Amino acid sequence: MTDAQKLKLKLKLIATAVAFGLIAYSNAPQFEDRVSAFSSGPPASHTGAPGEQTCTVCHFGGDQLKASKFLGGNGIVIGGLPTAYVPSTAYVLTATLTHTQSPNNTMYGFQLTAVEGTGSTPGAFSLTHMPGQMQIVPGDPPTFVNRSYIQHTISGTVPAANGSKTWQFTWTAPSTDVGPITFHAAGNAADQSGDETGDIIYVTSATVNPEAPAPEGTAFDFDGDSKTDVSIFRPGPGEWWYLRSSDGGNYAAQFG
């Protein structure tokens, strides 16, 4: 092969490689599009709930994941959860993201879900507060198709006053007792740099139990304090004479 032929072959190979590179670039997802999409709301199923990943899948680098604790006054906290939920009862909840460690992280977002024993989301979220700042999205199929998520919109990312942002929404408990329900949330304190680094991700979880069944009536509780009162029955007058556990007084009641 002559030198001219070798040069011609080399140029042809270079042109082919450039063409393939351009095709690959044009087909690849563009980062600016992805950033814009995440500002409008993250992909579903990234709260760290069972089987899920967290937002660190895309926002990486450095000490990103702050675990499940409110560290040094920074983190995400789920507020308004009842000590025990009552079926079909509506609760006003909040998700508060706080980050004061770096002044550049001023655009905040979040995603939250609730999961019961079967892995589904019990009850229902509703956007009764802060219109336009949140949205409800379904879980990613097929694994999380039975889950529901509430998360920010582009309008709900700002302003983050004094390094903190709170979103308020309603969760209505399921119509029946489904056992313990765990809420999972992830928050992102973004630095608006245009790349994946520099964003701080926090996660948290909290569990609420169903309301305990009402206790059965206490035997021989004459004064209604759920304690048995010492008593004797006098058949002549048909009376119970008893000592009230609430105040120590002696009383008689006709019974039986």
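Predicted model: local features only at pLDDT ≥ 70, side-chain atom pairs only at ≥ 80, totals over all residues.

Reader: What makes the aromatic pair of Phe-110 and Phe-169 stacked?

Author: Six aromatic pairs are counted in the model. For Phe-110 and Phe-169, the ring centres are 6.4 Å apart and the planes form an angle of 20°. A pair requires centres within 6.5 Å, and stacking requires planes under 30 degrees apart; the pair of Phe-110 and Phe-169 is therefore stacked.

Reader: Why is this pair said to tie together parts that are apart in sequence?

Author: Phe-110 belongs to strand E4 (residues 107-115) and Phe-169 to strand E8 (residues 164-172), so the pair joins parts 59 residues apart in sequence. Both Phe-110 and Phe-169 are buried.

Reader: Why are Trp-171 and Phe-183 called edge-to-face?

Author: Their ring centres lie 5.0 Å apart and their planes stand at 85°. Because an angle over 60 degrees counts as edge-to-face, the label applies to Trp-171 and Phe-183. Trp-171 is in strand E8 and Phe-183 in strand E9 (residues 181-190), 12 residues apart.

Reader: Why is Thr-172 called partly exposed?

Author: Its relative accessible area is 26%. Buried means under 20% and exposed means over 50%, so Thr-172 falls in between and is partly exposed. Thr-172 is located in strand E8.

Reader: Which residues does Thr-172 touch, leaving aside those up to four places away in sequence?

Author: Thr-172 touches Ser-88, Thr-89, Ala-90, Gly-123 and Ala-124. The C-alpha atoms of Thr-172 and Gly-123 are separated by 5.4 Å, although the two residues are 49 apart along the chain.

Reader: How do you know that E9 and E10 pair?

Author: Nine bridges join E9 to strand E10 (residues 200-210) in the antiparallel sense. Pairing needs at least two bridges, so E9 and E10 qualify. His-184 has Ser-205 in E10 as its bridge partner.

Reader: What makes E2 and E6 edge strands?

Author: The open sheet has six strands in the order E2-E10-E9-E4-E7-E6, with mixed pairing. Strand E2 (84-85) and strand E6 (134-138) each pair on one side only.

Reader: How many bridges join E11 to E12?

Author: Five bridges join strand E11 (residues 230-234) to strand E12 (residues 239-243), and the two run antiparallel. E11 and E12 form a hairpin with four residues between them, and Gly-238 in the turn has a positive phi of about 70°.

Notes
Residues numbered from 1 in each chain as written. Heavy atoms only, no water. Buried < 20%, exposed > 50% of the residue type's maximum accessible area, 1.4 Å probe, protein only. Contact = heavy atoms within 4.5 Å.
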